[in-house]
Amino acid sequence: MIFLGPQGSGKGTEAALIEEFLKKNDSRPVAHFSMGNALREFMAEDGYTAQRTRPSMDRGELQPLFLTGGLFSNFLIRHMTPHTHLIIDGFPRMDTQLILLNSALEFYDRKPVFVVYLSITDEVAIERLVKRGRADDTPEAIKKRLRWTKEQNAPILSWFKANPRYQIIEVDTTPPILETNQAVLKALRFI
Ligand code: AMP
């Protein structure tokens, strides 16, 4: 399952709730990769590379392909088994990452892959992000990220739609978190 959507649409929250649901109700192992979390964990480490990512993360800028691709690939190598439920959020956010992700899902022969697109209006997204108050949630950073998510999500979604490996599910995330979660679980046919 791949969770896509603008910042503030609740990708991380919904992906974590699906992870929790599957861990409770399904015997298969579950692996959840959040690119934002992976980058934040990496950024907190010592070292020159981690140090170089910090200022641009704080400005809300996309991180380079070699780093995001490396973190994602390492995660798969560590966690994939034939039965692992794979949950991904915050990735892919650019066409090069899409190619990388698709090559991995082809390699692991995963089909169908559900792409859960969480839609939200700008107003609600901004309201949520301001409330969340993370270090990179300054008004400038929020505006920058909303702009690039819009520019970058559209071609990614079209690419998924054109590829039979992927099934697109669109869920409006304006309602409260748990209501949205029920809609996602239903759309994925877990309930
Ligand atoms: P998120 O937790 O999804 O809001 O992501 C936090 C920050 O991590 C973003 O503002 C970007 O700076 C960076 N980031 C997250 N996902 C990606 C990605 N797929 N590619 C590049 N940078 C990313």
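These legends describe close-up views of one predicted model. Residues are numbered from 1 along each chain as its sequence is written, and side-chain values use heavy atoms, with hydrogens and water left out. Because the model is predicted, local features need pLDDT of at least 70 and side-chain atom pairs count only at pLDDT 80 or more, while totals for chains, interfaces and linings use all residues.

View 1. The space taken by the ligand is the largest pocket. On a 1 Å grid over the protein atoms alone, a pocket is an open set of points with protein on both sides within 12 Å along at least five of seven lines, whereas a cavity is a set of points where a 1.4 Å probe fits but cannot get out; lining residues have an atom within 4 Å of a point. A molecule sits in either one if more than half of its atoms lie within 2 Å of its grid points. Around the ligand there are 18 residues, and Glu-61, Gln-63, Gly-90, Arg-93 and Gln-97 come nearest. A residue is near a molecule if one of its heavy atoms lies within 4 Å of it. Helix α2 (residues 35–43) gives the largest share of this shell, four residues. Helices (H or I, at least four residues) and strands (E, at least two) are DSSP runs, numbered from the N terminus. By type, the shell holds six nonpolar, seven polar and five charged residues. Here Ala, Val, Leu, Ile, Met, Phe, Trp, Tyr, Cys and Pro count as nonpolar, Asp, Glu, Lys and Arg as charged, and the others, Gly among them, as polar.

View 2. A polar backbone atom of Glu-61 lies 2.5 Å from an oxygen atom of the ligand. Gln-7 places a polar side-chain atom 3.3 Å from a ligand oxygen atom. For Arg-93, a polar side-chain atom is 2.5 Å from a nitrogen atom of the ligand. The ligand exposes 480 Å² when taken alone, and the protein buries 96% of that. These areas come from the Shrake-Rupley method with a 1.4 Å probe.

**View 3. Two cis peptide bonds.** Most peptide bonds are trans. Phe-91 and Pro-92 are joined by a cis bond, with omega about 5 degrees. Pro-92 is in the loop between β3 (85–89) and α5 (95–107). The bond from Lys-111 to Pro-112 is also cis, with omega near -5 degrees. Pro-112 sits in the loop between α5 and β4 (113–119).

**View 4. Two residues with positive phi.** Most residues other than glycine have a negative phi. Asp-109 is not a glycine, yet its phi is positive, about 55 degrees. Asp-109 lies in the loop between α5 and β4. Its relative accessible area is 55%, so Asp-109 is exposed. Buried means under 20%, exposed over 50%, and partly exposed in between (1.4 Å probe, protein chains only). Arg-189 has a positive phi near 60 degrees. Arg-189 lies in the segment after α8 (177–187). At 64% relative accessible area, Arg-189 is exposed.

**View 5. Two pairs of residues and their separations.** Asp-58 is in helix α3 (residues 48–58). With a relative accessible area of 42%, Asp-58 is partly exposed. Asp-58 and His-79 are 21 residues apart in sequence and 29 Å apart in space, C-alpha to C-alpha. Thr-13 lies in helix α1 (residues 11–25). Thr-13 counts as partly exposed, at 36% relative accessibility. Thr-13 and Ala-162 are 149 residues apart along the chain, and their C-alpha atoms are separated by 27 Å.

Definitions and conventions. A polar contact is a pair of N or O atoms within 3.5 Å; within protein, one must be able to donate a hydrogen and the other to accept it, and residues adjacent in sequence count only if both atoms are side-chain atoms.
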